[in-house]
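Welcome, and please take a moment to look over the model before reading on. We will walk through it together, one part at a time.

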Amino acid sequence: MSISIKSQSEIALMREAGKILAKVHEQLGKELKPGMTTWEINRIGEELIRSYGCIPSFLNYNGYPASICVSVNDEVVHGIPSKKRRIQEGDIVSLDAGVIYKGYHSDAARTHAIGEVSPEAAKLIQVTRECFFEGIKYAKAGCHLHEISAAVGAYAEKFGYGVVRDLVGHGIGTHLHEDPQIPNFKQRMRGPKLRAGMTLAIEPMINIGTWEVAWLDDDWTVVTDDGSLSAHYENTVLITDGEPEILSLI
């Protein structure tokens, strides 16, 4: 495994990529309303990304046909936008997006409540976000990678939630997915020691029910095996000698 250490000039480009993606998420989240199609969400998201002079990371990545992954309710990740699919009051909608700025990627995801949602759905969204912040307490030089994994998983499991095991976070830089893989649950080994200059996409994917998932026939959309709700929260993070720097939060 080779985990790249970014130079100061590379970090500056990744900071800008992250800042732009944070703005895209903030603006796109405000556009969501009952009745709009998931294709429309994707269209607006792609226009926002390009308006900042960036390229969508996801468009045509391994054949993925859109710029924004739009996953609704029991869809965990990689939902394909559709002109036929409309979001409804009470839905929860996960938006996963990435941008390429001058050759460097950022990657982030948010789960949004559409109008009034159930207390269970609102709690899941909140706890999934909190899982990320529990994990990054260990995202600093000298810690080991799987301390992040263990912290994310332990926090989610306190609430009886299922922590998705088939999908993981990852390193990021000139490629969308780089070493290392970052699971969201406790590992047997400590994993590599973290060093300043590493950039990681840390992304809890948490289900109300079982951790088990299935793939739909489109070969992309991942759903919970039991039909329960799922939430996703992700940021691109820079490891430093002190506190981690979250590049994709404004």
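Is Glu 178 buried or exposed? Keep in mind as we look that this is a predicted model. Glu 178 counts as buried, because its relative accessibility is 17%, and the cut-off for that word is under 20%.

Glu 178 also has a partner. Its side chain meets that of Lys 6 in a salt bridge, with 3.6 Å from N to O. This pair links distant parts of the chain: Glu 178 sits in strand E8, while Lys 6 belongs to the segment before helix H1 (8-31), and the two are 172 residues apart. Lys 6 is buried as well, with a relative accessible area of 7%.

Stay with strand E8 for a moment, as there is another feature to find there. The peptide bond that runs from Asp 179 to Pro 180 is cis, with omega near 0 degrees. Pro 180 itself lies in strand E8.

Helix H4 covers residues 145-158, and its buried residues include Leu 145, Ile 148, Val 152 and Tyr 155. His 146, Ser 149 and Gly 153 are also among them. Just after H4 comes Gly 160, which takes a positive phi of about 80 degrees.

Now let us return to the salt bridges, of which the model has 8. Lys 19 and Glu 16 are 3 residues apart in helix H1, so about one helical turn separates them. Lys 19 is partly exposed, with a relative accessible area of 42%, and Glu 16 is partly exposed too, at 26%.

Another salt bridge joins Arg 85 to Glu 75, and here the closest N and O atoms are 2.8 Å apart. Arg 85 lies in the loop between strand E3 (75-77) and strand E4 (92-101), whereas Glu 75 is in strand E3, so the pair ties together parts that are 10 residues apart in sequence. Glu 75 counts as buried at 9% relative accessibility, while Arg 85, at 31%, counts as partly exposed.

Next, look at two loops. In the loop between strand E1 (55-56) and strand E2 (68-72) you will find Asn 60. Asn 60 has a positive phi of about 70 degrees, although it is not a glycine, and it counts as exposed at 57% relative accessibility. Lys 102, in the loop between E4 and strand E5 (104-113), has a positive phi of about 50 degrees and is not a glycine either. With 60% relative accessibility, Lys 102 counts as exposed.

Our last stop is on the surface. Which residues gather there in a patch of negative charge? They are Asp 166, Glu 212, Asp 225 and Asp 226. Glu 212 is in the loop between strand E10 (205-207) and strand E11 (213-215), and it counts as partly exposed because its relative accessibility is 37%.

Technical notes
Residues are numbered from 1 along each chain as its sequence is written. Side-chain values use heavy atoms; hydrogens and water are left out. Patches are made of residues with over 30% relative accessible area and no salt bridge: like charges are joined within 9 Å, nonpolar side chains (Val, Leu, Ile, Met, Phe, Trp, Tyr) within 5 Å. Accessible areas come from the Shrake-Rupley method with a 1.4 Å probe; for residues, only the protein chains shown count as cover. A salt bridge is a side-chain nitrogen of Lys or Arg within 4 Å of a carboxyl oxygen of Asp or Glu. Lys and Arg count as positive and Asp and Glu as negative; His and the chain ends are not counted. The place of a charge is taken as NZ of Lys, CZ of Arg, CG of Asp or CD of Glu. Helices (H or I, at least four residues) and strands (E, at least two) are DSSP runs, numbered from the N terminus. Buried means under 20% relative accessible area, exposed over 50%, partly exposed in between (1.4 Å probe, protein chains only).
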